[in-house]
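Hi,

Here is the structure I promised to pass on.

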4 protein chains.
Amino acid sequence: MVVAEVSIVPIGEGPSVSKYVKKAIEVFKKYNLKVEPHAMGTVLEGDLEEILEAFKEAHREVLKDSKRVLSTLKIDERTDKENTIERKLRAIGIE
Amino acid sequence: MVVAEVSIVPIGEGPSVSKYVKKAIEVFKKYNLKVEPHAMGTVLEGDLEEILEAFKEAHREVLKDSKRVLSTLKIDERTDKENTIERKLRAIGIE
Amino acid sequence: MVVAEVSIVPIGEGPSVSKYVKKAIEVFKKYNLKVEPHAMGTVLEGDLEEILEAFKEAHREVLKDSKRVLSTLKIDERTDKENTIERKLRAIGIE
Amino acid sequence: MVVAEVSIVPIGEGPSVSKYVKKAIEVFKKYNLKVEPHAMGTVLEGDLEEILEAFKEAHREVLKDSKRVLSTLKIDERTDKENTIERKLRAIGIE
């Protein structure tokens, strides 16, 4: 299991980008992923292939309405231990 | 007001880093900031100077116990509109 | 054409990670991409699908030798103008 | 010594941002830092305090001409070994 963070930023469409962020989140929700938006991006949990597909589709979807898009994907994967959003939060004392 | 995201990663101390992340969060809480940890980093809200000080102290604190630290700070600041965690989440339909 | 930046960081294998970075760069070079490593990551230029494949393979290759890997991919794509490493550098006065 | 990477992105001023990037690079050059721009950001080398000051000034300088700015700073610091751009590049076989 992979925990990831995604941020999709249209840089040609004025300072208010929430319309695009909502569109990206709608794309993530179509996939078999846990989707947890926060104020600076969205945390995803699931299979790596699924995450890459969702990232690509969200990026392309936003690029349809914007001349330029800067998208970031951060992937955290480990093989020694179960890796989930829940376990990571528990490990730092948040339940 | 600035909304920011911080991630502090010790890369020389084995795959489990929650001990260090907890230490960084303790540092953030000493400052006059809103502190919201998630599974891939911590969202901060407050004054830019305060955020930079907190970032520097957390980075240095973790470096005391780790040979190498990779720290990331992302800053979102705007002048046209109030910029808070709450407003950003409301804009994407999360309250 | 997409300009991207990749960083692949093993976090369980001690503070020296150049062995893993070299392995990731070898993976990138197998693809039909421009590959330009710098001191904090590697800039790639090419087709989006190709970049995503290269990112996935490099991440997995490093995960074979490390218990935990943190990989970051940043994608810059625009539809209004040619987007290449060369044009981007020229635009900021570097040739 | 710290090796860092900075990216300053105005998100409210249209898709072409090179004018702002050039302004940020001019700010970095006023400081006692090695400054190496690449196609996706700028690599800096120097003292941590100096890097944080330069980052803050570049961010604020760009915010004067743009309604919203998203700035990212990544810091790589280690205590076991000399940490410079040159040594990092040499370690991955680039001179």
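**How the chains meet**

Let me start with chains C and A: 24 residues of chain C are in contact with 24 residues of chain A. Keep in mind as you read that this is a predicted model. Together, chain C and chain A bury about 2,300 Å² between them, with 54% of that area on carbon and sulfur atoms. I also get six salt bridges between chain C and chain A. One of them pairs C:Glu49 with A:Lys56, and the closest N and O atoms there are 3.0 Å apart.

Chain A also meets chain D, and here eleven residues from chain A and eleven residues from chain D take part in the contact. About 860 Å² is buried between chain A and chain D, 71% of it on carbon and sulfur atoms. On the chain A side, the residues that lose the most area to chain D are A:Ile11, A:Pro15 and A:Arg68, which together make up 54% of what that side buries. As for salt bridges, the count between chain A and chain D is zero.

**A helix in chain D**

Next, have a look at helix α1 of chain D, residues 18-29. It has twelve residues and runs 16 Å from its first C-alpha to its last, close to the 16 Å expected at 1.5 Å a residue. Which residues of α1(D) are buried? They are D:Tyr20, D:Ala24, D:Ile25, D:Val27 and D:Phe28. Looking down the axis of α1(D), you'll find these buried residues within an arc of 155 degrees, so they line one face of the helix. The face turned away from that buried side carries the exposed residues D:Lys19 and D:Lys29. As for what covers the buried residues of α1(D), the list includes β1 (2-10), β2 (34-38), β3 (41-46) and α2 (48-63) of chain D.

**A serine in chain B**

B:Ser66 sits in the loop between α2 (48-63) and β4 (68-78) of chain B. Is B:Ser66 buried or exposed? Its relative accessible area is 3%, under the 20% cut-off, so B:Ser66 counts as buried. Leaving out residues up to four places away in sequence, B:Ser66 touches B:Pro10, B:Ile11, B:Gly12, B:Glu13, B:Tyr20 and, from chain D, D:Thr79.

**What the record says**

Finally, an unreviewed UniProt entry annotates residues 4-91 of chain A as "domain: Thiamine-binding protein". In the model, that span is 42% helix and 33% strand, and its end C-alpha atoms lie 17 Å apart.

Cheers

How values were computed. Residues are numbered from 1 along each chain as its sequence is written. Chains are lettered from A and ligands numbered from 1 in the order in which they are written. This is a predicted model: local features need pLDDT of at least 70, side-chain atom pairs count only at pLDDT 80 or more; totals for chains, interfaces and linings use all residues. Side-chain values use heavy atoms; hydrogens and water are left out. Helices (H or I, at least four residues) and strands (E, at least two) are DSSP runs, numbered from the N terminus. The expected span of a helix is 1.5 Å times one less than its number of residues. Buried means under 20% relative accessible area, exposed over 50%, partly exposed in between (1.4 Å probe, protein chains only). The arc is that of the directions from the helix axis to the C-beta atoms. Contact means heavy atoms within 4.5 Å. UniProt positions are given in the numbering used here, feature names are shortened, and annotations may be inferred rather than shown by experiment. Buried area is the accessible area (1.4 Å probe) that two parts lose on being put together, summed over both. A salt bridge is a side-chain nitrogen of Lys or Arg within 4 Å of a carboxyl oxygen of Asp or Glu.
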